[in-house]
Every structure is written in C-alpha cells, then in structure tokens.
Amino acid sequence: MPSSKIASMFFLLVWALTASSVLAKETFKDEAGEVLYTVDDDGLVSMFENSPGTDVTLSVTRGTREQMQPQITEISPDSIPAGSYNILKLTGKNLVGAKVKLSVPAIEVGAYSGKPKRLDVPVNLPLSLPPGPVVVEVTTPIGSTQTKFQVTEVQIGGGGMPKREDVIKHSGQGYGGDEGSGVIPTTAPPSCPQGMVAVGGEMGGFCIEIDRSFKGDFRVADQTCALSGNRLCMLDEWRRACELAEGGKVPLKNMKGDWEWTAGFDILQDDTQQDTRYFLLGKSDCETKRGSMRLNAEKFVGRCCKGGAQ
C-alpha cells in the first residue's frame with residue numbers, strides 16, 4: 001500500500017478519535033468562566049455549586065441527564081400584588097446556573113444566583129400590571145421547567161421591600177451554609193472516614209486527612225476535595241490541626257515543608273482588574289501564610305477536611 005495512502009488513513013483515524021473524544025464530553029460555564037456542569041463519556045452529568053466570585057466548589061451533584069433536569073417543587077409567594085417588590089423563592093433541585101424568564105416582560109427581574117435546591121429571584125411588578133398568571137420558565141444547560149405565580153390587584157399602602165429573614169445565625173451561612181441556625185459542636189467528631197483523623201476546634205469539630213492527597217492549582221485542589229465528598233480546610237482548621245500535630249496529639253503527616261492549599265481567600269482589585277487570592281500554609285510553621293493569585297494557576301499540594309464549619 002502506498003505510503004501516502006497509509007498516511008491519509010492514519011490522519012483520518014487520528015481525526016476520528018479526536019472528534020469522538022471532543023464530542024463525547026461537554027462542559028458548560030457561566031459568564032465568568034466558572035464550570036457549572038460537565039457531561040462525561042458515559043453521559044453522566046456533574047453539577048458544580050461554586051462560591052460566588054471564587055473558584056471554591058461547595059458541592060457536586062451527579063446523575064443522568066434525566067435525573068439532572070431542573071425541577072421546581074414550590075414557589076413562594078404564589079401570588080404578588082401589582083405595584084410591589086418581592087423575592088420570588090423557587091425551591092426544587094438542579095438549579096445551579098439557572099436562567100429565569102417571565103411570560104410578562106413588563107416585570108423587572110433583579111440579579112440572582114441559583115443554588116442546587118434554591119433560586120431567589122427579585123421581582124418588581126409595575127403598578128399598572130393587570131391581574132393574571134405569570135409563567136416562570138427556568139432553564140439550565142441540561143434542560144428547562146416551568147412554574148407560575150399570580151398577579152393580584154394593587155394593595156393600598158403598597159408592598160414595599162419584604163422583611164429579610166436570611167440573617168446569619170451560624171458559622172458558614174452565606175458560604176454555602178444555609179441549613180439554618182443551630183449550635184456547632186466544638187468537640188472532635190466521634191468518627192471520621194478512613195484516612196482522616198478527628199480534631200476539635202472553636203469553629204466546630206472536623207475531620208482532616210492524615211497526609212497530603214493531591215497536587216494542582218486551586219481549581220484542581222478544590223474540586224478534588226468536593227468530588228470525594230469533602231472540602232478544603234479553613235485557615236483556622238488547618239492551623240489548629242498543625243498545632244496539635246506539632247504537640248504529638250494527632251497523627252498527621254507532612255504538616256510542614258511545603259505550602260498547602262486552604263479555603264481561605266480574599267478579593268484584590270485595582271483600576272484594571274479584580275482577582276481572587278487564595279491562602280496557603282505549612283511551608284515552615286503553622287502560622288505563616290502566603291497568597292496565590294487565581295490568574296497565576298500555581299500548583300501546590302494539599303489535603304481535605306470534612307464536617308465542622310463548612
């Protein structure tokens with residue numbers, strides 16, 4: 001067989017394999033470039049809940065396309081008077097990255113961000129809006145669903161701003177923690193998953209991996225922990241564990257010698273750009289930290305935590 005024909009066949013084979021690989025996997029991102037959903041070669045969908053403005057992954061949910069379709073099980077309030085402002089609370093599942101479209105364009109929709117099971121949408125209804133149903137269409141990269149609420153007649157005295165009940169009552173609320181108020185135990189958990197040890201702390205008892213378990217940039221570090229059902233350690237948690245290990249009270253390995261990722265971060269902004277700076281600990285002691293800018297995508301080692309003030 002001529003060499004030119006063999007080369008052509010080889011090229012076609014490589015092209016086919018490459019095309020198949022590209023088509024077999026999908027990634028959906030938001031306007032800021034954060035990954036919202038991925039679809040693997042077997043059609044399994046992964047939904048990522050991220051902390052707003054950062055690469056911090058708070059949770060990962062997986063299922064088939066059918067299982068990961070957005071769903072609305074409750075809408076509150078189900079009726080809103082014309083001429084009022086309100087927060088439309090949509091409860092359901094698979095609502096990360098959801099976009100909302102109302103059947104009545106005259107209704108002004110404010111900024112919102114979907115969580116896995118909750119979508120809070122500010123709406124401002126014009127005074128002249130006639131009574132009647134309003135269809136709410138909720139769409140994600142995986143599918144769409146609908147619900148509706150009723151516009152009622154104008155109430156004398158006006159609706160005004162709704163009472164805000166989402167008061168921070170516990171550590172972690174506002175950072176993906178919306179499970180309600182309650183007392184966080186400061187004692188060490190009675191048990192931990194294999195490969196972890198229990199530690200008590202002021203922000204809550206938690207489990208931490210005995211040794212480093214990954215290396216990569218912050219996105220890799222954060223998602224590695226999330227994919228295993230864990231999370232990155234808070235700054236105070238890592239320091240507490242390091243101090244106990246230093247005193248021989250917990251059997252942790254390699255707590256010093258290299259920079260390790262934590263969930264600590266701040267936002268830096270100048271006249272030209274805004275960037276997230278993530279904090280690392282452990283190079284020489286339990287206290288000194290250094291920052292790594294998100295744009296630099298530097299690679300460091302790390303370990304995961306579970307429980308506590310998550």
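The model is predicted, and a search of the whole structure finds four disulfides. Three of these stops are described below.

Select Cys192 and Cys207. Their sulfur atoms lie 2.0 Å apart and form a disulfide. The link of Cys192 and Cys207 is left-handed, with -85 degrees about the S-S bond. Because Cys192 sits in the loop between β12 (143–152) and β13 (196–199) while Cys207 belongs to strand β14 (residues 206–209), this pair ties together parts that are 15 residues apart in sequence. Colour by accessibility next: Cys192 is partly exposed at 23% relative accessibility, whereas Cys207 is buried at 4%.

Proceed to Cys225 and Cys304, a disulfide with its sulfur atoms 2.1 Å apart. The torsion about the S-S bond is about -90 degrees, so the disulfide of Cys225 and Cys304 is left-handed. Cys225 is in helix α2 (residues 218–227) and Cys304 in strand β21 (residues 304–307), so the pair ties together parts that are 79 residues apart in sequence. Cys225 is buried, its relative accessible area being 0%; Cys304 is likewise buried, at 1%.

Finally, select Cys242 and Cys286, which a disulfide joins at an S to S distance of 2.0 Å. With -70 degrees about the S-S bond, the link of Cys242 and Cys286 is left-handed. Distant parts of the chain are linked here: Cys242 lies in helix α3 (residues 235–246) and Cys286 in the loop between β18 (274–281) and β19 (289–293), 44 residues apart. Both Cys242 and Cys286 are buried.

Note on methods: Residues are numbered from 1 along each chain as its sequence is written. This is a predicted model: local features need pLDDT of at least 70, side-chain atom pairs count only at pLDDT 80 or more; totals for chains, interfaces and linings use all residues. Side-chain values use heavy atoms; hydrogens and water are left out. A disulfide is a pair of cysteine sulfur atoms within 2.5 Å. Helices (H or I, at least four residues) and strands (E, at least two) are DSSP runs, numbered from the N terminus. Buried means under 20% relative accessible area, exposed over 50%, partly exposed in between (1.4 Å probe, protein chains only).
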